[in-house]
Amino acid sequence: MRAIIVELRKNLTSAGFFICVLFTVVLLFCAEIYTDRLTMERYSAIRALLDLDRAELAKQTEFENIMVMSNARNGWITLFVPIITAFCFVLQVCAERAGNAVRYGICRSSKIKYNLSRCFSGIVSGGLALALGYAIFCGLVFFMFPNASEMSEFSAQAMENSRFDFLKAMLGMWLYGAFWSIPAMFCTSVMRNKYLIICIPFFLKYAMTQTSYMLSNKAYADLENINYTLAKFVGITRPEALLYIDGGYYSWGGLLFYIALAAAFIAGFGIIQCSRRDCGE
């Protein structure tokens, strides 16, 4: 436990961690939150603040601060999370290898303790970077956008049945960030090029997203004969299953699937790292 805390402290105080938090906030503000049906103009949070005054924001349900907090998770953040979370530890891990600091760390503890502490600290810091960035975004949105009491009567009535659990949303962001830290951590065990380590999980996420869309289209191709088995499989394995645990469509199957996938990556990382003869590699 002490080794994990030491590694976690290094990750949380690194420049990469603060860059990840800042990047998360920027991506959330750039996410599309509203489309005007008359003009087909698309609004992100930052564009809405620049183009509309508070009275105009209060006329649309989507600009209520709680709705902005919820809808911003559907934007660019879902695509770039693997890159954001990898920055928390990949640069530091590669620098330690290049400086031959790995041997020193292993000599002070052991292969198993050193590698597992590095793995779990990377996972936790990746999740924290995403969750902290989201918390900062929500704090800013709470004051920048109108609340329910400021909305028009029609918008206020439309918001009565809406539900948003901030704590569950934060947990979903942490789980999403923590999971997508794991492929990058696994890549550090098989390669030393930091650019490849950062990019490969991104392409994996993109491939999973495209596959999910393709299978979903196939499942619902014939609305009179929906393939419910395939639709259920898509719902469980979709890449955003961990992100929206506060939604009504969340299932335990998705959580179990990604826990199993994470365990496979972590086990592979541990086996590869602990089987090395050269402790500095």
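Here are some numbered notes on this structure, which is a predicted model.

1. Let's start with the open space. The largest pocket holds about 500 Å³ of space. It is lined by 21 residues, and Asn74, Thr78, Thr209, Tyr213 and Glu240 are the ones closest to the pocket's centre. Find those five in the viewer and you have found the middle of the pocket.

2. Which helix gives the most to the lining of the largest pocket? Helix 12 does, with 6 residues. If you want to trace it, helix 12 runs over residues 194-219. Helix 6 (77-86) and helix 13 (228-237) also each supply at least two residues of the lining.

3. What classes of residue make up that lining? There are 9 nonpolar, 8 polar and 4 charged residues in the lining of the largest pocket.

4. Now for the packed parts. The largest nonpolar core has 65 residues, and the ones with the most contacts inside that core are Phe63, Val90, Tyr134, Phe137 and Phe145. Helix 11, residues 166-187, gives the largest share of this core, with 11 residues. There is also a second, separate core of 5 residues, among them Ala219, Leu230, Ala231 and Val234.

5. Phe63 deserves a click of its own. Skip its neighbours within four places in sequence, and Phe63 is in contact with Ile33, Tyr34, Tyr43, Ala48, Leu52, Leu57, Val68, Phe145 and Pro146. One of those partners, Phe145, is also on the list of residues with the most contacts inside the largest core.

6. Next, have a look at Ala45, in helix 3 (residues 45-51). Is Ala45 buried or exposed? Its relative accessibility is 0%, so Ala45 counts as buried, since buried means under 20%. Leaving out residues up to four places away in sequence, Ala45 touches Phe29, Ala31, Ile33, Val68 and Phe145. Take Ala31 as an example: Ala45 and Ala31 are 14 residues apart in sequence, while their C-alpha atoms are 6.8 Å apart in space.

7. Last stop: Ser70, which sits in helix 5 (residues 65-71). Why does Ser70 count as buried? Its relative accessible area is 19%, and the cut-off for buried is under 20%, so Ser70 makes it into that group. Not counting residues up to four places away in sequence, Ser70 touches Tyr134 and Phe164. You have met Tyr134 already, as one of the residues with the most contacts inside the largest nonpolar core.

Key:
Residues numbered from 1 in each chain as written. Predicted model: local features only at pLDDT ≥ 70, side-chain atom pairs only at ≥ 80, totals over all residues. Heavy atoms only, no water. 1 Å grid on protein atoms, 1.4 Å probe; cavity = no way out; pocket = protein on both sides within 12 Å on 5 of 7 lines; lining within 4 Å. Points joined across faces, edges and corners; volume = space filled by probe spheres on them. Helix = DSSP H or I, 4+ residues; strand = E, 2+ residues; numbered from the N terminus. Nonpolar A, V, L, I, M, F, W, Y, C, P; charged D, E, K, R; others polar. Buried < 20%, exposed > 50% of the residue type's maximum accessible area, 1.4 Å probe, protein only. Contact = heavy atoms within 4.5 Å. Core = buried A, V, L, I, M, F, W, Y, C linked by side-chain atoms within 4.5 Å.
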